[in-house]
Amino acid sequence: MAISTLTRSTPATGSSQVVRQPRKKWTVGKIAAVAVAAFIAVLWLIPFAWATVTAFKSEADASASKISWFPPSGFTFDAFINVFQAGNIPLWTWNSLYTSAAITAITLVISALMAYALSRIEFKGKKVLMAVIIAAIIVPPPVLMIPLFYQMLALKMIDTSWAIILPQVIHPAMVFVLKKFFDQIPHELEEAAVMDGASRLRIFMQIILPLSRPILAAVAIFVFIGAWNNFLWPFISTNDDSLLTLPVGLQTIKSAYGVQYAQNMASALLAALPLIVVFLFFQRQIIKGVATTGLAGT
Amino acid sequence: MSSSTASRQASQPRTTFSPGVKAGSSLRRRRDNLNGWAFAAPFLVFFLVFLIWPILYGFYMSLTGKSLTGANDSLIGFSNYAEAFADSGMWRSLGNTLYFTVISTVPLVLVALVMAALLNIGLPAQWLWRLSYFAPFLLASTVVSLFFVWMYNPQLGLINDFLSKFGIPKVGWLNDPNVAMWSIVIATLWWTVGFNFLLYLAAMQNIPAQHYEAASLDGAGAWRQFFSITLPQLTPTTVMIVLLQILASLKVFDQIYQMTAGGPGGSTRPVVQYIFETGFTGYRLGYSAAISYIFFGLIVLVSVLQFVITRRRSA
């Protein structure tokens, strides 16, 4: 599954491309399909649209009992200005960015090394190790929250970024996504290097990794989105206001701002913006990445 | 990229992997043992400290009366479990989780299938549809909750305003215990269906075109082709998506906690929230660890089921 998705553009499997090519004829059925697809798309865009309209209203218009898409007193940036003056959103965005980046980087490094060992090296205990890691895929994070919190207290890591980052770097499923990809790389490529006396690490860095860019990108995307949006663990592991990530920070404004709907929506939109912008730029890679890693489970 | 290199390499004579295999084989084995564990070590350190240890320690905790206030650390056997099985609060939250899982999995799979099937017909502007169906998946749960709490607002919300134009009386989307869980399912559908949609779309595009060509030569129309080619070819994908969705839905917490906090009257409180509250609000770490393990047992059960089904399919 993973490999076939990635190599779909190669000539060997290119025949499946035919399915994707739009048949040029406009039949009644196709027009109906466009209509249904458009209806769903509009439904799916309404929450965004309504949040955007609300965010550009004055608080008075936003909480007016008569609902309007075009507010009587016009659109205004007030809500955004107020949110920025409160100053939390930029800080939370930064916190989310560096914790997610650290989680992604550590996950990639340790998972790729592990996957290489499982794919290429015959060592004592490998079978048992593999079984344990497979079994670990099913462990749901909520089951760990109580002991992990207690453990972090003991390690004196609660209310540090480490508490947010470290427990999120273990993705057994991603190890197997990588292993599966490494398995497909022909051994011949390494044999010449082995004959030249290259070390395992050099082979890994100079031969395997460069060939694995697409799968590394896919795993990175999957892990980053998960980390960026994770709520439960960062919510548990930090109380310190200066460490809150975006999702957790937003939870606090709901109670703090009370009924300031325009500001709530402005905050939500600002929080949504970074990933949406990234998605607009890297749509193809993200879609491919999610389709590749998705079935491996989370 | 890799497949083209593969074919080029395959035409060359295969060289042995290591020179002087016979003489140095035991040396090489020792080196492989060392290398293997060295490559595994970084992952293993994190794995042992932040996954294996908390699992084992959590089980130990579940056998104690441990609390955040520091009282009673002693072993009390399985009495936490006995208490949990008699705890109506746990059963109710477990029931809520199962209810959510059932009523969310069905639309999350069906709507995803419909979306993918529509696009697979070959609509123009593919990126536009993908963007609008998948974009919500990129949002944090808190953003989704803020959006929907606002739209669900009984007095000022968009949805009740729309319904009032048809003379439909105001609905307490998140305040009515009979409606609240459904409201959460709708928000969840909007938020995460794009993920299943992408999985379906990728699977549909891997169905060989020849199947369809042969069918249309036989005069099969679009509907016929969908039901006699697409759907059967998708069966393995559907099985995986359903099982992954069940596992994901069983873990529900974020959007419920944020939108209703489990209310009204505990009617939407999922079991993860019950664990959370027992541990962090009630300070009863040992007891909440025990409930965690009961919940874990449920997840293991579904996972084993998944394993058996996928094994049988691939065998």
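A: Here is a close look at one helix and its contacts.

This is a predicted model, where local features need pLDDT of at least 70, side-chain atom pairs count only at pLDDT 80 or more, and totals for chains, interfaces and linings use all residues. Residues are numbered from 1 along each chain as its sequence is written, while chains are lettered from A and ligands numbered from 1 in the order in which they are written.

Start with the contact between the chains. Chain A brings 95 residues and chain B brings 91 residues. Two residues are in contact if their C-beta atoms, placed from the backbone, lie within 7 Å. On the side of chain A that touches chain B, helix H3 (residues 28-55) of chain A gives the most, with 14 residues. Helices (H or I, at least four residues) are DSSP runs, numbered from the N terminus. That side of chain A holds 64 nonpolar, 21 polar and 10 charged residues. Ala, Val, Leu, Ile, Met, Phe, Trp, Tyr, Cys and Pro count as nonpolar, Asp, Glu, Lys and Arg as charged, and the others, Gly among them, as polar.

H3(A) also packs on helix H16 (residues 261-281) of chain A. Their angle is about 125°, and their axes are 7 Å apart. Axes are lines fitted to C-alpha atoms, for helices over the stretch in contact, and angles run from 0 to 180 degrees between N-to-C directions. H3(A) is therefore oblique to H16(A). Angles under 35 degrees count as roughly parallel, over 145 as roughly antiparallel, 65 to 115 as roughly perpendicular and the rest as oblique.

From H3(A), Ala51(A), Thr52(A), Thr54(A) and Ala55(A) meet residues of H16(A), including Tyr261(A) and Met265(A). This contact has 8 nonpolar, 2 polar and no charged residues.

Note on methods
Helices (H or I, at least four residues) and strands (E, at least two) are DSSP runs, numbered from the N terminus.
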